[in-house]
Every structure is written in C-alpha cells, then in structure tokens.
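Here is a walk through one model, from a single residue out to the ligand and the cores. Have the viewer open as you read.

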Amino acid sequence: MLILIAGSTGLIGSAVVSELRGAGHEVRRLVRREPVADDEREWDPPSGKIADGAFEGVGAVVNLCGASVQGRWTPAHKRRIRDSRIAPAGVLAAAVAEHGVPTLLNASSLSFYGDTGADVVDEDSGEGKGFLAEMVIDWEAATAVARDSGARVVLLRTGLVLSPDAGLLSQLKPVIRLGLGGRLGDGEQYVAWISVPDEVAAIRFLVENPEVSGPVNLCAPEPVTNDEFIRALGRALRRPVLLSVPKSVVRLALGEAADELALISLRVVPTVLREAGFEFRHADFATAVAEVL
Ligand SMILES: NC(=O)c1ccc[n+]([C@@H]2O[C@H](COP(=O)([O-])OP(=O)(O)OC[C@H]3O[C@@H](n4cnc5c(N)ncnc54)[C@H](OP(=O)(O)O)[C@@H]3O)[C@@H](O)[C@H]2O)c1
C-alpha cells in the first residue's frame with residue numbers, strides 16, 4: 001500500500017517509516033520545506049497548502065506531527081502545542097475527504113483521559129480535564145470531516161514512548177546517573193508507557209487492519225507507578241534511587257506542566273489493541289527499560 005506520512009522526521013515518524021518500508025509498503029512523506037528526495041512532497045500546515053498529486057494513489061494517511069509538549073507552558077508555547085496539532089490534523093482530514101483516501105491514522109494522546117488516579121480506564125472511558133485533555137479533544141475532533149466522508153479514522157492515543165533520547169526518560173537518565181533521581185511526589189501516580197518497537201508495530205497493525213477504527217490506546221498492558229518506573233530505571237542504570245522529589249519542587253521546576261506531565265496519573269490499558277489480536281513485544285516495564293537503555 002502507498003502510505004502518506006506527516007511528521008516523518010520525529011521519534012515515532014522516523015521509526016514508522018522504517019517499519020512500513022520493511023513490511024513492503026511504499027512511503028511518501030509530507031515535509032514542511034522544499035523537497036530534496038523523490039519520496040517527499042511539500043506542505044504548509046498553517047496555510048493548508050499541499051503539493052499537487054501528493055494524495056495520488058494513497059491508501060492511508062498517517063499524521064504524526066506536533067511540536068513538543070515539554071518545556072515551560074508559557075502562553076506562546078501552549079499556542080504552539082495546539083496550533084501544531086489541531087490545524088494540521090484538520091488540513092489532512094479535509095484532504096483525505098476530498099481525495100477519497102480510505103484510511104486516516106491521526107496522532108493523539110492518553111492525556112485525553114486527564115488524571116485517572118488509581119482507576120483503570122480504557123477506550124470506553126470519557127474525557128478528562130486540563131489543558132492537554134482539552135487540546136486532545138479538539139485535535140481528535142479536527143479529524144471528523146474525514147470520518148464523515150466515509151474514511152476509516154483511527155485515533156492513536158499514545159502513552160509515554162520509551163526512548164533514551166527523548167521525553168521523560170532522556171530527562172531522568174542523567175539525573176539518576178548522578179544519584180539524584182527519586183520518585184516524583186508520592187510516586188503513586190501511574191505511567192502508561194510503550195516501547196518504540198511496540199508503538200510502530202501497533203501503527204503498522206492499525207494501517208493493515210481494516211476492522212479497527214476510532215480511538216485506540218497505544219500503551220503496554222501494564223501501566224507502572226512512578227515509584228516502580230524510577231526504581232526500574234535505577235536498576236537498569238545500576239544507580240540507587242533513594243530520594244523523593246516533593247510535588248512543590250516539581251511544580252517549581254516545570255510550572256503548570258508539572259501536574260499534566262510529571263505528576264498526572266494515567267492508569268490506561270489497551271483494550272482495543274488486545275481485542276484486535278495485537279501482541280506486545282514489551283509487556284514488562286523492567287525488561288523494556290533495560291533493553292531501551
Ligand atoms: N513521543 C511520545 O511519548 C508521544 C506520546 C503521546 C503522543 N505523541 C504524539 O505523537 C506524535 C509524534 O510524536 P513524536 O514523539 O514522534 O514527536 P517529535 O519527535 O517531536 O516529532 C514530531 C514531528 O512533528 C512535526 N512538527 C513539529 N513542529 C510542527 C509544527 N509546528 N507544525 C507541524 N508539524 C510539526 C515534525 O515533523 P516534520 O519536520 O517532518 O514536519 C516533527 O518531526 C505527536 O503528535 C505527539 O504529540 C507522542
């Protein structure tokens with residue numbers, strides 16, 4: 001199948017391109033600059049312009065774009081987080097509808113559920129509260145035009161992707177190496193995580209499986225508490241993690257983002273993927289983190 005990908009240079013996008021090509025699919029990439037390779041087509045998300053012919057022969061569009069949510073949430077950064085997701089998703093969904101592309105897979109996030117505390121939630125659960133939850137609701141809603149046109153739309157509600165070079169893991173690694181790591185707050189909040197190989201295998205599975213549509217949680221079957229997360233990280237790096245970082249310090253360091261990124265509890269399970277028959281390669285956190293590091 002010919003698959004058109006936006007956000008192909010990112011952590012997930014670059015791994016998805018390799019996975020799909022490795023499985024025999026043809027990949028065409030939308031880039032926000034002048035194309036320099038045969039497989040590239042230019043697009044400009046703010047204006048909605050996409051190169052002529054970009055959708056020709058395309059069987060599925062995979063949209064993985066969005067500016068990082070890390071960093072202090074100034075008003076400008078919050079605007080960037082929203083603008084880099086909602087408008088581009090709308091532009092691609094409208095193009096999917098216009099060109100009759102059968103399938104759209106759009107990036108999304110488990111932040112949809114807000115803080116779940118100790119309750120286990122899955123795709124049947126409702127939305128939560130907070131800046132990120134509200135952003136995700138609007139992000140997913142931007143794809144409605146594609147669904148209304150009859151396309152199969154899959155919402156890739158992704159958890160924390162374990163990478164040594166990005167996200168929470170890359171920030172914690174040097175701190176733990178220095179022996180200064182510790183659980184955040186009381187450490188009881190849950191982290192819904194997924195390894196890169198499982199994230200990209202799940203995306204390929206969802207491209208190839210016409211039976212699945214709507215929201216899909218991309219996270220391992222067993223979320224871990226922040227305490228378990230930090231301890232496993234310490235074991236993998238062979239460093240003790242004896243400290244605990246009070247919530248007030250996390251809030252001082254991260255500002256508003258602290259409660260939605262570091263202290264939030266996301267006890268989310270991947271019911272749709274499991275019922276569809278997807279098999280996780282990394283279901284155990286300690287094994288996954290040791291392999292990643
Ligand atoms: N990694 C995670 O743990 C995680 C968890 C939940 C959800 N997600 C979501 O999954 C998607 C991919 O994540 P990722 O970790 O691969 O992110 P990433 O490494 O930061 O890559 C995101 C890609 O988005 C594109 N992009 C950046 N700024 C943009 C802007 N202003 N407008 C349009 N596109 C822009 C870039 O692609 P080009 O330069 O090629 O255009 C970039 O490579 C994102 O939407 C993210 O929110 C990720």
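Beyond its neighbours within four places in sequence, S109 is in contact (heavy atoms within 4.5 Å) with V136, W139, L156, R157 and T158. S109 sits in strand β6; helices (H or I, at least four residues) and strands (E, at least two) are DSSP runs, numbered from the N terminus. S109 counts as buried because its relative accessibility is 17%; the cut-offs are under 20% relative accessible area for buried, over 50% for exposed, and partly exposed in between (1.4 Å probe, protein chains only). A polar atom of the S109 side chain also lies 2.9 Å from the backbone nitrogen of S111.

Before going further, keep in mind that this is a predicted model, where local features need pLDDT of at least 70, side-chain atom pairs count only at pLDDT 80 or more, and totals for chains, interfaces and linings use all residues. Residues are numbered from 1 along each chain as its sequence is written, and side-chain values use heavy atoms, with hydrogens and water left out.

Now for the ligand. It has 20 residues around it, the closest being T9, L11, I12, R32 and R85; a residue is near if one of its heavy atoms lies within 4 Å. By class, that shell holds nine nonpolar, nine polar and two charged residues. Here Ala, Val, Leu, Ile, Met, Phe, Trp, Tyr, Cys and Pro count as nonpolar, Asp, Glu, Lys and Arg as charged, and the others, Gly among them, as polar.

| Residue | Protein atom | Distance to a ligand oxygen |
|---|---|---|
| G10 | polar backbone atom | 3.0 Å |
| R32 | side-chain N or O atom | 2.8 Å |
| R85 | polar side-chain atom | 2.8 Å |

The ligand taken alone exposes 890 Å², and the protein buries 77% of that, going by the Shrake-Rupley method with a 1.4 Å probe. Elements that give two or more residues to the shell are α1 (11-22), β6 (103-109) and β8 (160-162).

What about the nonpolar cores? Each is a set of buried Ala, Val, Leu, Ile, Met, Phe, Trp, Tyr and Cys residues joined through side-chain atoms within 4.5 Å. The largest has 49 residues, and I5, L206, L218 and L273 touch the most other members. Helix α7 (residues 196-208) gives the largest share of this core, six residues. Away from its neighbours within four places in sequence, L273 is in contact with A202, F205, L206, V216, N217, L218, F278 and F280. There is also a second, separate core of 21 residues, including W43, A54, V58 and L104.

V175 is in helix α6 (residues 167-177) and counts as partly exposed because its relative accessibility is 32%.

R238 belongs to the loop between α8 (226-237) and β14 (243-245). Although not a glycine, R238 has a positive phi of about 55 degrees. Most residues other than glycine have a negative phi. R238 is exposed, with a relative accessible area of 75%.

Terms used:
Polar contact = N/O pair within 3.5 Å; in protein donor to acceptor, adjacent residues only side chain to side chain.
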